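Trainee: Could you walk me through reading a structure, feature by feature?
Mentor: Gladly; have a look at this one.

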Amino acid sequence: MASPVLIWLRRDLRLDDSHAIVAALETGAPLAFLYVLDPAMKGRGVGHAQLGFIVEGLEDLQTRLAERGGGLIVRRGDTVQHLVDVARELGAQRVCANRDEEPAAGVVERAAEDALRGIGVELLVVDDEVNVPHELVLTKEGNPCRTYSAYARGVRRVLEELPAPPHDYDLKGRLHPTPVPEIPSVETLVGRPVSLRSDVPGGETHALARLRAWRDDGYLARYADDRDLVAEPDATSRLSGYLRQGMLSPRRALHVADRAGAPKYASELLWRDWFKYVLHHHPDLAEHCIDPRYDHIEWIGTDEHFEAWTRGETGFGMVDAAMRQLLETGSIANRARMVAASFLVKDLHIDWRRGEQWFRRHLTDGDLASNAGSWQWVAGTGLDAAPYFRVFNPDLQEKKFDPTGAYVNHWAPDRPLRIVDHGRERDITLAAYKAVNAELADPS
Ligand SMILES: Cc1cc2nc3c(=O)[nH]c(=O)nc-3n(C[C@H](O)[C@H](O)[C@H](O)COP(=O)(O)OP(=O)(O)OC[C@H]3O[C@@H](n4cnc5c(N)ncnc54)[C@H](O)[C@@H]3O)c2cc1C
């Protein structure tokens, strides 16, 4: 049997429209697939919700590969070591992978390239994570975009000239047969029972079914009007976890949105791409304010308040509902995320980076680029940010976006005593941001 080309799966747990699969098919060799459950994932903010989702995604992928005559190899341990071992065992001459744009993944990728080269195996890494490769998206003057709207226009300009529809290919007869792997449960991986469960099941099969059903049931058509109704679970697509793990191709999602004539939904999908673009240009997105003036803010909030926020015990309904929903399901709707995040930064005066880490660890869709980018947007410290003087009023947000009270009554019916006074904290925040601006304008 011909030696296979090995596909190193990372954040691309799917068979549909994968550039690494396209590259591997071009070699003419049969395709083998490897995923490594590396303990280092924990250090990259992958929490239990996300790990459980990945495990479900691996089980689904194994089934999909087996249906097409192939299989998945799953290993636990050091990624580079397993890549070398599996490439050797299979006699693979080449490994293909989709790029994972997070800085820590880049370090692993360079180590993998060196180690594979050492045994005479070539690593080919291709762009796949966004609709248009970053280097093609520029302003009319040829500079990197500084705002989301310039970015979205740039993407559309490229797509008009170079359309990038999802790839269709047939994998039947092209796969390397592989024994059925033992995929550990999330409990085995973390060494204890896990109660946090995602509100959507992991796996490409579910992702494609959800995308189609959500469109066909009419929710996509109502998205622009309904997307902020936090009590209505189908008001938004709930596809972010799938997009985060690559169980759904970003091109497939955009293609469906464009064909359905749903520009608001398409533009939200491009927010995801935009934050990856921002991360590409600012690899320290989770560590430093993009606008460095705001790295001088003194965060005066207390640990006690941070803990009350994490437990959903602030006394502000929408904030508490969001934070409890996060702990139980690994998910929060975008509107409630904004309100909870704004509350931490602007009402409790706690560094956005602490909130970013908490969200990333607990969200099923926790993603360095979208999460850190959104936190900086809320904190008003980023490239394309809400201005610092826009402070969400949690009570008005609740009235407007949970008008029947269904969301708050479901998640946080007890209404604990309020830990702060919104009006007072708002004034303190505005003064702190203004002081930093003034000090930097006149350092004398
Ligand atoms: C403080 C904060 C933290 C966030 N952290 C994350 C995160 O870790 N991972 C993540 O994927 N999204 C994050 N978001 C963005 C957004 O809240 C989620 O993408 C969205 O709630 C996911 O639900 P959905 O799939 O139903 O979205 P839909 O409204 O159905 O949108 C479709 C897709 O578009 C993308 N999208 C939509 N809105 C945004 C946005 N504002 N920024 C980036 N992409 C967007 C997502 O991929 C989403 O799945 C965060 C937002 C805030 C305010």
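This is a predicted model: local features need pLDDT of at least 70, side-chain atom pairs count only at pLDDT 80 or more; totals for chains, interfaces and linings use all residues.

Trainee: Into which domains is the protein chain divided?
Mentor: Domain bounds come from an automatic or database domain assignment. Here they give domain 1 (5-129), domain 2 (130-167 + 204-281) and domain 3 (292-441). Between the C-alpha centres of domain 1 and domain 2 there are 24 Å. Their contact takes 17 residues from domain 1 and 18 residues from domain 2, where contact means C-beta atoms, placed from the backbone, within 7 Å.

Trainee: Which helix gives the largest share of the side of domain 1 that touches domain 2?
Mentor: Helices are DSSP runs (H or I, at least four residues), numbered from the N terminus. Helix α2 (residues 48-67) supplies that share, with six residues. By class, that side of domain 1 has six nonpolar, one polar and ten charged residues. Asp, Glu, Lys and Arg count as charged; Ala, Val, Leu, Ile, Met, Phe, Trp, Tyr, Cys and Pro as nonpolar; the others, Gly among them, as polar.

Trainee: Is Glu 56 buried or exposed?
Mentor: A residue is buried if 20 or more other C-beta atoms lie within 10 Å of its own, exposed if 12 or fewer, and partly exposed in between. Glu 56, found in helix α2, is buried because it has 22 other C-beta atoms within 10 Å. Leaving aside neighbours within four places in sequence, Glu 56 is in contact with Pro 201, Gly 202 and Gly 203.

Trainee: Which residues touch the most other members of the largest nonpolar core?
Mentor: In soluble globular proteins, nonpolar side chains tend to be buried together. A nonpolar core is a set of buried Ala, Val, Leu, Ile, Met, Phe, Trp, Tyr and Cys residues joined through C-beta atoms within 7 Å. The largest one has 118 residues, and Ile 7, Leu 34, Val 95, Ala 322 and Ala 340 touch the most other members. Helix α11 (residues 263-281) gives the largest share of this core, nine residues.

Trainee: At what angle do the axes of α13 and α17 cross?
Mentor: Two packed helices are described by the angle and the distance between their axes. The axes of α13 (residues 317-329) and α17 (residues 394-401) come within 8 Å and cross at roughly 75 degrees. Axes are lines fitted to C-alpha atoms over the stretch in contact, with angles from 0 to 180 degrees between N-to-C directions. So α13 is roughly perpendicular to α17, a label for 65 to 115 degrees.

Definitions and conventions:
Residues are numbered from 1 along each chain as its sequence is written. Helices (H or I, at least four residues) and strands (E, at least two) are DSSP runs, numbered from the N terminus. Angles under 35 degrees count as roughly parallel, over 145 as roughly antiparallel, 65 to 115 as roughly perpendicular and the rest as oblique. Two residues are in contact if their C-beta atoms, placed from the backbone, lie within 7 Å.
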